[in-house]
Amino acid sequence: MNPTLGRNGRSARSFARRGTAIAAAAVLAAGLSACGPDIGSASGPAAGGAMLEVPANASPKGEITIWDRSGDLFKVFDAAIRKFTEKYPGITVHHEAVDIDSKLQNTLITGTDVPDGVFLDDAKVGGYVEHLYNLKDVLAPYTKDIAKQKVDVNTVNGGIYGVPFDLDPGLLFYNAKALSAAGIDPNGIKTYDDLLAAAKKYQQYKPGAKPIHLEQNAFNSQLQLEMYASQLGTSLAGADGQLRLNSAPYQQILTWLDTVQKDGLGTRAEYLKPSDVGALDSGDEVFYPWAIWFDYAPQQQLTATKGDWRAMALPAWSDGGARSGAMGGSSFVIPKDAKNPQLSWLLYQFLTFDQAGYTAVYGPNEVYPGGTNTSIPAYQPAADPAKPLFQPIDAMGGQDLWQTAVEAGRQIPGGAPIPVWWDGAVDYLGTDLQKMLDGSMTPQQVIDQAGKDIQTNLIERK
Amino acid sequence: MTRPAPSGAATVFREGRRGPAVPAGPRTAKAAAPRGRRTFSWRRRLAPYAFVLPFVAVFLAFSIYPLFFTLRLSFTDWHGTGAAQWVGFGNYRYLLANSAFWSSLGNSAVLWLLVVPVQLVLSVIVAVLLNTIKRLRSFYRVAFVVPFVMPLVAIAQIWIVLFDQNYGAVNAVLGAVGLPPVGWLVTSAWAKPTLALLFLWKTTGFVVLIVLSGLQQVEPGLYEAASLDGAGRVRQLWSITVPLLRRSLMFSVVLQTLAVFQIFTEPYVVTKGGPYNSTTTAGLFLFNHINRADLGTGAANSFLLVIVVMAVSLLFVRLLRAED
């Protein structure tokens with residue numbers, strides 16, 4: 001046999017060549033892979049800390065790229081940005097509609113095409129602080145006038161990483177026409193026990209109805225749970241990052257929700273999905289404890305009951321307690337890799353703290369002729385009960401929602417920071433909450449199981 | 001015993017490997033010069049490498065580099081900024097001990113069972129019918145492919161409306177015949193079959209195309225001979241069509257196995273992985289880690305998933321070879 005031929009007719013030389021080629025490729029790839037992050041011995045990533053300074057130039061010039069969510073608010077911001085460029089003609093703003101949730105993280109990690117400013121959910125700010133400017137200094141002149149809850153949710157390890165934008169007070173939306181027919185006076189609902197009693201009375205009036213909304217989406221149900229917790233001045237974790245789930249406020253809230261479920265008083269439906277809209281429009285679901293942005297439903301989603309809905313402050317957890325908690329909300333963040341961070345700060349300063357700016361956002365505009373009424377400003381001088389930025393809402397029977405929301409917003413207690421792992425907790429707390437609302441877990445089991453899972457999978461792995 | 005190679009065999013072999021032999025005849029002065037011949041030879045030798053270089057560069061940049069990068073990442077705790085912390089097999093140990101990881105694999109496996117066998121049977125039946133029918137053949141073929149080319153998110157939204165537990169069209173039909181409503185998307189017992197149905201509807205047309213192409217390779221004479229031997233249609237289907245379609249079917253199985261274990265958009269849009277994570281597929285579980293910037297765990301998760309999918313795919317390839 002020819003010694004140069006292999007068993008399959010391949011020459012040893014050919015094998016050697018291929019082997020060399022593969023080895024070279026492997027070495028090259030291994031070398032390339034070393035271009036990744038440095039391997040350090042520190043116990044986690046370094047803390048963020050680049051402090052943004054106020055721009056010194058009186059006539060700033062330059063270009064900035066701003067990311068916003070697409071949709072109605074994008075158009076509102078678009079118009080407000082035109083006002084900004086009238087004030088700062090030297091600044092060109094590239095306003096882009098972006099799927100922020102799917103794009104921001106990769107952009108920040110790779111450092112490619114990083115925008116100068118981003119509109120971001122409050123619940124997600126904590127997760128990005130390593131990539132963001134600390135805005136504590138530039139915000140200092142305004143901090144005392146911003147709703148404390150909004151300062152808290154943007155604060156991580158003493159730094160403030162978002163320009164607080166909107167405040168989203170929780171309100172009790174109710175079908176006034178249906179309650180009136182059932183002989184229920186909504187003004188008599190002062191506490192959550194009163195709400196249970198009213199729901200029972202409504203059910204007697206309309207057998208089969210399940211008057212109170214019980215959220216069926218894990219994320220939204222955790223968000224709503226945090227609204228109730230915010231009302232009690234707490235949140236999933238304190239400023240020190242310690243879990244606060246196993247506490248009296250959470251036991252009280254979960255027990256109440258469990259009672260609604262056990263007493264058959266709750267409609268299990270996902271926020272404004274067909275089941276929810278159907279139950280609302282049929283008069284089966286008449287109480288909706290939710291953020292102010294539920295007012296979108298009577299304005300855009302409901303048909304049969306449009307005009308029947310009103311809003312009032314949330315019931316208190318105990319007599320004299322706070323009548324609102326925050327649910328959701330957004331802020332503006334400025335990435336450390338931004339090319340012109342100071343110019344984007346000027347934009348956000350204008351939109352949030354300048355009367356011309358916040359009036360352009362919340363006042364009558366092309367998208368909302370009566371004003372943008374799905375939230376209120378977090379900057380308290382802008383949220384003046386006597387100076388409404390948006391008009392009474394026809395789809396809510398002409399109710400002056402500004403007055404109701406601003407007064408509720410002032411009752412939101414502070415002390416409710418959002419931990420960086422909040423989003424990840426949905427897999428545990430949100431899921432267990434759903435099990436409880438379906439009757440397969442008790443409140444204490446939710447606290448124990450979700451607490452253990454969050455501690456193990458999120459806190460200890462950070 | 002060592003047999004001497006025939007005279008000139010090695011030369012012929014090399015010439016054959018390197019292209020057509022230079023035609024016999026008088027050579028030009030340039031070609032005849034040793035230096036010129038060496039240059040020409042080097043060009044000939046380097047030309048193939050030059051041609052494949054762009055592919056190799058792209059392959060290295062977009063396949064090999066990410067692969068090694070991800071492998072390295074899987075041994076670290078990194079959240080996208082600062083120095084990564086070397087954790088060895090920590091991420092792998094964490095995942096292998098995590099019930100949610102196994103649950104996500106289990107969810108994908110159940111979806112595979114609900115989708116792939118049904119899809120194979122369905123595809124053979126539809127492909128045979130499409131191959132048999134004469135009238136409106138093109139229309140039917142297009143009709144089966146349309147779901148495959150429709151945007152998945154649009155289909156997912158249709159599914160939400162169709163299968164709503166209280167106000168969906170499907171439960172309305174059930175109610176019309178006196179049956180109780182079903183929580184298609186909100187009960188862990190029904191959510192997976194409902195998602196499987198979506199996947200079936202969306203992708204069966206693609207598998208039908210594969211089977212159809214296999215079907216058209218079958219020699220018509222086989223059916224004629226079988227018919228002469230007295231074999232009926234069912235017997236022909238079972239004894240001729242199915243065995244000869246084996247390669248197409250196995251190819252479909254491998255492709256659909258890969259697809260099922262990568263299912264992401266359907267549960268992401270329709271159920272968000274719920275209820276109770278019962279539709280959190282392997283793909284969605286992986287996404288959740290990456291979406292939370294837990295990149296080290298996400299990388300380890302992707303490697304574990306690759307191992308599982310490769311093992312399953314190799315199993316099918318082995319089965320195919322064994323049959324051959």
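Trainee: Among contacts in chain B between residues at least 6 apart in sequence, what percentage join residues at least 24 apart?
Mentor: That percentage is 66%, where a contact means heavy atoms within 4.5 Å. This is a predicted model, in which local features need pLDDT of at least 70 and side-chain atom pairs count only at pLDDT 80 or more, while totals for chains, interfaces and linings use all residues. Residues are numbered from 1 along each chain as its sequence is written, chains are lettered from A and ligands numbered from 1 in the order in which they are written, and side-chain values use heavy atoms, with hydrogens and water left out.

Trainee: Why is V52(B) called partly exposed?
Mentor: Buried means under 20% relative accessible area and exposed means over 50%, with partly exposed in between (1.4 Å probe, protein chains only); V52(B) has 41% relative accessibility, so it counts as partly exposed. V52(B) is found in helix α3 (residues 34-73) of chain B, a helix being a DSSP run of H or I with at least four residues, numbered from the N terminus.

Trainee: What share of chain B counts as buried?
Mentor: Of its 324 residues, 38% count as buried.

Trainee: How do you know which parts of chain A call for caution?
Mentor: By pLDDT, the predictor's confidence in each residue, from 0 to 100: over residues 1-7 of chain A it stays under 50. Over residues 42-47 of chain A the pLDDT is likewise below 50. Where pLDDT is low, the predicted coordinates should not be read in detail.

Technical notes
Helix = DSSP H or I, 4+ residues; strand = E, 2+ residues; numbered from the N terminus.
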